[in-house]
Structure formats: C-alpha cells, structure tokens
Amino acid sequence: MDVKLNHSNSQTLKHGTFLFLLLILPLTPILAQNQPLQKQISVSMENVPLREVLSGIEAESGLSFAYNPKKIAVDELLSFSAFGTVGLVLQQLSLLTSLRFSLIENQIIIKKPKKSRSKELAPATLSGYIKDASSGEALIGSTVYLPKLEKGVAANAFGFYSITVPPGEYEVQYRFIGYEDQIIRLDISTSITHGISMVEEPPVLEEVIVTGYAAQDVDEVQLSTSRIRPKTVSEMPALFGEMDVIKVMESVPGFKLHSDGSTFYYVRGGYKDQNLILMDDAPIFNPSHMLGIFSTVIPDAVNDITLFKGDMPAFYGGRLSSVLDIRTKKGNEDHFQFWGNVGVISTKLGVEGPIKKSKSSYLLSGRFSRIGWFFKQLDDNLEKLNFFDLTGKLNFNLNPKNRLFFSFYSGRDNFFQTGNGISWSNGTATLRWNHIFDNRLFLNTTILASDYDYELHVDRANNVRWNSGIANFALKTDFTSFIKPQETFDFGMHLTALNFNPGNIEAPPSINFFPVTSVRNSVEFALYGNHELRLGKKTGLRYGLRLVSWVNQGDAFEFTFDGNGNPIDTTFYVEGEEYIDFASAEPRLTLTHDFNENTTGKLSFTRNVQNVHLISNSISPFTSLEVWLPSSVNIKPQSANQVNAGVHRKSPEKGTSWEIEAFFKRMNSQIDYEPHAETLLNPLLESELRFGEAWAYGIEGTIKKSQGRLRGWAGYSYSRAKRKFPDLNGGRVYNAFYDRPHEINLVTNYDVNLRCTIGLNWNYYTGAPFSSPTSFFYFNGLEAPIYTQKNNDRLPDYHRLDFTATLKLNKNPEQNFNHSLTFSLYNVYGRKNALFINYNKTQTEGDGLKIPSNVFDPNRTTTQFHLFRFTPSFTYNFTFK
C-alpha cells in the first residue's frame with residue numbers, strides 16, 4: 001500500500017515528531033533507570049539475617065545494595081517471601097523492615113526511615129519476670145537483649161525486668177548462664193508484659209563452642225562483685241560433707257577465712273565486723289555453728305548469692321568492707337517436692353510446693369546435728385552438744401502487679417556441761433511487698449527484724465548466766481525506675497531501730513545482780529539514690545549518694561574517761577532522750593568504658609560509714625562470744641574510702657573470661673585493744689579500746705570457665721593490710737592479723753559422664769601474722785615472755801587440696817525420685833596447717849634461758865597446733881517430686 005502525504009501533513013508530522021522528541025528525551029534517563037525495577041524476581045527465605053535476603057535480591061535482579069552497616073541492622077533475623085517486579089519486592093521488604101530503598105545509577109541505596117516528630121509514636125515498654133521453668137525460682141541477673149537496638153537489661157533481685165523501646169516488632173533474647181537461650185519475636189507496638197520460663201541446660205559430654213555471646217551480653221556498671229550459684233556450692237568439696245556458702249567464698253580472691261575450718265572472714269583488709277551478711281534483706285550478726293566451724297546458711301534453701309567487695313550500690317550501707325547478699329528460694333509454685341541429705345555431722349530436710357498452683361507457694365527446710373552422742377562418749381561431763389537451722393518462706397502472687405513474701409530463719413547452738421555451758425542463737429523475719437506501678441516503676445517495701453543472743457551459763461543449777469546481744473527492727477522502701485534501655489534510677493529509704501546489750505548478768509530475783517554495762521538504743525535513718533546510664537555506646541556511668549543520720553537514745557548511761565582511760569564521770573539519760581547523733585554522706589561513683597566488644601575497663605570510688613562495732617580481742621578461729629556496741633560518746637563512727645580499677649575481658653569463642661582489679665582502701669577510727677584487755681563483765685569496757693587508722697591495697701586476678709564439661713576458675717591476689725595506732729606498738733605501723741600478701745585459688749569441676757562429677761580445689765596463702773616473744777624473764781620463780789612488737793612474726797604458709805566426687809544413683813534423671821552419693825576428702829595430702837605456735841622454753845648450760853628462734857628454724861623450740869588433716873566424709877542426697 002502506498003501512502004502519500006501532502007505538504008501540510010508532512011509539515012505537521014515533522015512538527016509532531018520534533019515535539020515528541022522534545023518531550024521524550026528528558027524522560028529517557030528516568031525510564032532507563034526504572035527499567036531494572038521492572039524485572040520479575042522471586043525471593044523466599046526463613047529465619048535468616050537481612051544480609052542474606054539482600055544477597056538473594058542482588059543475585060536475582062543484577063543490582064547491588066549500598067548502606068552504612070553501623071546504621072542498618074543487617075544481622076537481624078527475619079522471614080521474607082515475595083514474587084513480582086524488583087520494585088514490588090522492595091516495597092514489601094520496606095513494609096516489613098521500615099527501611100527506605102532508592103535506585104541511583106544501578107545501585108539501591110538503603111536508608112533508615114525518616115522520623116516525623118508530628119507522627120512519632122509514644123515509646124512502649126516490655127516487662128515481666130524471668131524464672132526457672134522447673135522450680136519457678138527467680139533467675140536473678142538474667143539478661144534481656146534486643147539485637148536490633150543493641151541494648152538490653154538485667155533482671156533485678158526478684159527476677160523482674162523492664163525495657164522501654166520505640167514501638168515495633170523485635171527479636172528478644174533471654175539468657176542466663178547454665179540455661180538454654182530463649183529467642184522469640186514480639187510485637188511491642190504498645191506496652192506489654194511477657195514473663196519467661198527458662199530451662200536448665202542438660203549435661204554435655206562434649207565441649208561446645210559458644211558463639212554470639214558478646215553481642216548478647218548486657219554490660220553492668222559494676223566492679224568488685226562475685227556471684228556464686230547454689231549449684232556451684234554443691235559441686236565443691238566440703239569439710240565433713242557440710243556444704244557451706246561462706247566457706248565456698250574462700251576461693252574468691254580478696255576473701256580470706258580466719259584459718260583452717262573457720263567461717264569468720266576478712267575482705268580486702270577489713271576486720272570481720274566490717275562484713276554485712278543479709279538473708280532476704282535481714283542482717284545476720286553471727287553466721288556460725290559449732291564455734292565457727294560451720295556457717296548458718298543452708299545452701300539447699302538458697303536461690304542466689306552475691307558478694308560485693310567494694311563497689312557497693314547506694315542501697316547497701318552500714319559496713320566498710322563487703323556485703324554478702326543471700327536470697328532464699330520462694331518454693332515451687334507448680335509441684336510438690338521433698339528433698340534432703342544425710343551426712344557425717346547433720347541431717348537436712350526440706351519440703352516445698354504450691355499452696356495454689358502458679359499463684360502461691362511455701363518452702364520449709366531444716367538442718368539438725370547428730371554429733372552429741374559421739375562427744376558424750378568422750379566426755380562424761382557433757383550433757384548437750386547440738387545445733388539446728390530452720391528456714392521458711394511463703395510466696396503469694398496477689399495479681400499481676402502485686403506479690404507478697406514472708407520469710408524467716410532461726411538457728412541455735414547448745415554446749416552444756418555439768419553446771420555450766422554456752423548457747424547462742426540467730427533469728428530473722430522478713431515481710432516484703434512487690435508492686436509494679438506502670439511496667440517502668442518497681443517498688444519493694446520490706447519490714448524486717450533480726451536478733452543475735454549469746455548466753456554464758458555460769459551456774460545452771462541457779463539459772464545464772466551472762467547475756468549479750470544485738471537486735472534490730474527496720475522498715476525499708478526501694479523504688480527502681482527503668483527510664484529507658486540501659487538507664488535505671490534506684491532510690492529509697494531505710495529506717496532502723498537497734499538495741500545493744502554489751503553484757504550483763506541475768507539471774508532469778510532471789511539472787512541480787514545489777515547491770516554492769518549500759519544497754520544502748522539507737523535509731524538510724526538513711527536516704528539513698530543510685531543512677532545508672534550509658535553515655536553513648538561505649539561508656540557507662542553509675543553515681544549514687546547515701547545520706548545517714550544516727551541517733552542514740554536513753555534509757556542509758558555513759559562513762560567519761562580521762563586521757564589514761566580512767567573514769568571521771570557518769571552521765572545518765574532518761575528513756576527516749578536523744579543524747580548524741582552523727583550524720584554522714586557516702587558518695588559512690590563508677591565509670592566503665594568498652595575498649596571493644598569483649599574488653600571493658602572500670603573505675604570506681606566508694607565511701608562507707610559504719611556505726612555498729614564488734615568488740616572482741618580474741619584471735620581464736622572458734623568462738624561465738626561477740627559484744628556489739630554502737631557509735632557513741634566514746635566510740636566514733638568508722639569510715640572508709642576505697643578506689644578500684646579493673647579490666648574485664650571475655651572470650652566468646654572459648655566460653656571463658658578473665659579480669660584484673662586493683663584497689664586501695666583507707667580506714668579511719670579503727671578499733672584495737674590494749675594487751676590483755678578485758679571484754680567480759682567489764683563495766684569500763686570502752687576504756688580498753690584504742691583508736692587508729694588502717695589501710696589496705698592489692699591486685700586481684702581471676703580467669704573463669706563457667707560452661708561445658710570442664711568448669712572452674714583460677715585466682716591470684718597480692719594484698720597488704722596495715723594498721724597504725726598511737727597507743728599501740730610504740731606508734732609504729734604493724735601488719736593486721738589478716739595481712740596475707742599472696743593468695744592462690746584453683747577450682748575445677750569435671751563431668752566424667754552424665755552421672756558422675758568430680759571436683760578439685762587448691763588454696764594457698766601466706767601465713768598469718770602473730771606476736772611472738774623476743775625474750776623471757778623470771779618473776780617470783782615464774783617465766784614470763786617479753787613482747788616488744790605487735791604481729792612481728794608469721795605462721796607457716798597455708799595450703800590445702802580438697803577432692804569431691806558425686807555419683808547420681810539414677811540411670812533415668814526423669815524419675816520422680818532422684819538420689820546421689822557424694823564423697824569429700826578435705827586436705828588430701830594431710831598438710832599440718834598451724835593455728836597457733838606454742839613456745840617450749842628450755843634452759844641452756846649454766847641455767848640460762850634459751851630464747852626461741854623463728855618458726856621456720858628446723859631447730860626451733862616451738863610446737864604447732866593444727867586441726868584437720870586427711871578428713872574423708874560421705875553424704876547421701878535425695879529429691880522426691
């Protein structure tokens with residue numbers, strides 16, 4: 001077909017073609033640019049990182065993505081399935097991730113969504129409780145982590161957590177050492193409550209590689225802290241098979257037991273009364289049984305154990321050196337359980353279960369000694385020798401926002417011979433109410449009481465005894481505000497009334513005895529606040545302040561002494577009269593910095609003030625005689641300033657961590673005694689006291705492996721503890737009794753198979769200082785030693801190896817009845833660790849007196865007293881559920 005165009009049509013075509021080209025040419029790049037977005041692709045992936053989804057789109061489309069990996073969370077897991085053009089697939093991916101995609105020169109640029117302040121949604125809060133799936137016990141210190149935000153929080157002492165985030169859908173990771181990780185996806189468009197139950201990891205017989213741990217770990221702004229799980233206590237060797245919470249701490253650098261077999265301890269150069277022991281917030285003043293051989297805490301009834309050696313949060317106070325915070329179990333809310341064990345020394349029994357399933361529970365546990373019959377065979381005058389512990393707890397979930405707990409402890413020792421004897425007891429009671437206001441504000445209110453009572457029976461026939469003790473009653477309210485991820489604010493108040501009995505004779509009315517020392521009454525009021533936050537991604541800060549007011553009240557009397565300790569006046573105060581008060585401010589500051597994702601440096605300053613004082617000049621490792629006095633007219637408050645600096649590093653690929661920490665602590669208004677001071681039945685007791693200063697410094701290192709078939713830790717510390725008193729040792733500096741420069745701790749546990757676990761502990765430390773005579777003289781036909789220096793000598797170095805093995809007698813651990821047998825061997829190689837040095841004085845030729853040489857001389861004229869050598873024991877354990 002021929003087509004003919006006239007001139008006018010030809011002109012029109014030319015003009016139209018020109019106009020068309022004029023309109024099309026500017027659009028050509030745009031059309032060309034959008035052409036790649038029209039390509040048909042298909043993507044389908046399940047639970048993979050965003051990075052893999054992008055790679056799949058690149059492979060299908062031939063395009064490449066460009067983005068800032070610091071701003072785009074490409075490791076976040078997601079499931080994505082789409083079919084259609086590239087543009088449609090990107091649009092669907094944008095709806096899922098909220099990311100923006102734009103095409104520039106065959107490259108797809110990824111950006112975060114623009115924030116619109118006018119349309120910005122209110123933050124949402126995720127909160128709840130984290131507990132053990134089997135027992136229902138709170139998992140204190142467990143962590144909640146959101147990878148998308150790279151932020152997380154740790155559960156508090158009741159297992160409660162709260163984290164406030166921008167609204168959206170998040171992957172949430174729950175983690176606790178020794179438990180299986182829980183990873184879930186939650187829609188947090190609005191504030192929600194989500195409780196979680198975690199399952200304990202089953203035993204493994206192959207070493208596993210731990211990956212991703214660093215990214216999920218929640219860094220705490222905290223130094224000088226050790227957390228020991230009750231399971232660790234049960235796996236460690238024990239004297240006579242008696243598992244002991246306090247003695248386990250011997251393997252923590254900076255924690256020094258008095259001596260072999262004793263539960264009295266010293267932390268970082270402080271005296272033993274500078275350590276606060278709390279059981280469910282109530283203080284225990286004398287944590288000993290059998291004159292200090294065993295402690296009062298039953299490990300089977302304990303849920304969590306935390307030791308603070310210096311960097312204490314502001315809600316702890318009242319002691320200079322340490323806080324041992326023990327939280328007891330609340331009882332199983334889901335099923336009944338009966339457990340116990342039978343050892344050489346005692347029998348322990350416990351029962352727990354629900355009152356109303358998932359709503360309330362109870363726990364009752366007891367320990368009863370069985371050693372009296374044995375010692376009666378050795379001593380005909382012995383009438384009674386025993387001890388017991390009783391621990392109980394009730395737990396009520398009133399509703400999702402309110403919980404109520406009641407717990408108590410009672411323990412007593414009796415040692416009676418014909419006509420005389422001693423007894424002492426400890427008791428605590430705690431009532432706690434937890435309330436959640438709005439998922440971001442947590443309240444804990446506590447009413448508590450505790451009591452320590454000591455009796456020295458001097459005439460049992462007439463019921464005459466010397467009695468001393470200390471008791472307190474307190475109200476405590478704590479608030480925790482979870483402001484935003486990794487920022488919390490704790491604040492509260494603590495009101496305490498205390499009663500001190502330094503020692504008086506108690507007798508029937510027919511026997512006239514008058515008080516020889518004044519009973520004291522004191523009231524302490526404390527306000528505190530603690531703010532913890534992150535300054536950017538790498539730096540953490542916690543600062544706090546504790547304000548304390550201490551007041552003494554009558555009915556009481558006080559002596560006034562001259563410069564030589566002689567009484568010159570007595571002042572009487574009527575009941576309720578306030579006669580002396582002290583005020584103190586105790587600041588706390590901690591800084592941390594993350595050098596990389598696995599290494600953190602920490603620095604802290606802590607000031608503590610102490611107004612309760614233990615008056616005891618005994619150096620015996622086995623005594624229960626303790627006299628407590630308050631700060632008063634003749635005793636000023638003790639104070640301490642401590643600086644800590646450390647580095648912590650974790651190795652996720654090996655499942656290990658290590659830390660090194662240095663400290664310096666200076667203490668004022670410290671107490672010591674004149675030689676041969678009388679602290680029993682002495683109305684002028686305070687005249688025997690001398691006051692001075694002390695300081696301690698050192699460096700501690702620990703390496704840990706907490707998971708796998710082989711577990712344990714190794715620690716070393718070098719530390720010194722010095723004291724200086726104007727009226728003692730000629731005013732010269734001397735070593736404290738607990739100055740033991742070198743300390744080495746090795747702890748290992750190994751799962752031989754699924755039924756057998758063995759453990760080895762080795763402890764070493766430099767011998768303790770003591771005062772040895774430098775010469776002797778005769779007086780009235782008797783030899784008397786001459787002491788010219790205080791603590792001028794040392795006992796031989798201490799070291800000991802312990803072994804334990806536990807065999808589970810069940811082949812099937814899923815049975816309702818489980819039982820096991822534990823064998824412990826204390827001091828495997830029978831080391832004679834000296835408690836005391838006795839000087840055997842001999843005469844030389846010419847009737848001269850031979851002066852003893854130092855204790856390391858092979859020809860010394862001294863003898864050593866030691867206790868426990870090769871000591872085996874068996875314990876049978878059982879659980880029925």
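Predicted model: local features only at pLDDT ≥ 70, side-chain atom pairs only at ≥ 80, totals over all residues.
Figure 1. A search of the whole structure finds 35 aromatic pairs, and Phe557 and Phe572 form one of the tilted kind, with 5.6 Å from centre to centre and 40° between the planes. The pair links distant parts of the chain, with Phe557 in strand β34 (residues 556-561) and Phe572 in strand β35 (residues 567-573), 15 residues apart.

**Figure 2. The stacked pair of Tyr765 and Tyr798.** The ring centres of Tyr765 and Tyr798 are 4.6 Å apart and the planes stand at 0°, so the pair is stacked. Tyr765 belongs to strand β46 (residues 756-765) and Tyr798 to strand β51 (residues 798-808), so this pair ties together parts that are 33 residues apart in sequence. Tyr765 is buried, its relative accessible area being 10%. Tyr798 likewise counts as buried, at 4% relative accessibility.

**Figure 3. An aromatic cluster, and arginine side chains over rings.** Tyr129, Phe158, Phe160, Phe405, Phe442 and Phe482 are joined into a cluster by ring pairs. Phe158, a member of this cluster, also has the charged end of Arg327 over its ring, 5.6 Å from the ring centre. In a further view, Arg740 lies over the face of Phe737, with a distance of 5.3 Å to the ring centre.

**Figure 4. The largest cavity and its lining.** The structure holds nine cavities of 30 Å³ or more, and the largest cavity has a volume of about 350 Å³. It is lined by 24 residues, of which Leu276, Gly317, Arg319, His494 and Glu524 are the closest to its centre. Two or more lining residues come from each of the elements β17 (275-279), β30 (464-484), β31 (487-506), β33 (539-553) and β37 (599-610). By class, the lining comprises twelve nonpolar, seven polar and five charged residues.

**Figure 5. The surroundings of Asn611.** Asn611 is found in the loop between β37 and β38 (612-615). The residue counts as buried, at 6% relative accessibility. Its contacts, leaving aside neighbours within four places in sequence, are with Glu524, Trp550, Phe582, Leu629, Pro630, Ser631 and Pro637.

**Figure 6. The whole chain as context for the close-up views.** The protein chain has eight helices and 57 strands. Of its 881 residues, 52% count as buried. Among contacts between residues at least 6 apart in sequence, 66% join residues at least 24 apart.

Technical notes
Residues numbered from 1 in each chain as written. Heavy atoms only, no water. Phe/Tyr/Trp six-rings, centres within 6.5 Å; stacked < 30°, edge-to-face > 60°. Helix = DSSP H or I, 4+ residues; strand = E, 2+ residues; numbered from the N terminus. Buried < 20%, exposed > 50% of the residue type's maximum accessible area, 1.4 Å probe, protein only. Lys NZ or Arg CZ within 6 Å of the ring centre and 35° of its normal. 1 Å grid on protein atoms, 1.4 Å probe; cavity = no way out; pocket = protein on both sides within 12 Å on 5 of 7 lines; lining within 4 Å. Points joined across faces, edges and corners; volume = space filled by probe spheres on them. Nonpolar A, V, L, I, M, F, W, Y, C, P; charged D, E, K, R; others polar. Contact = heavy atoms within 4.5 Å.
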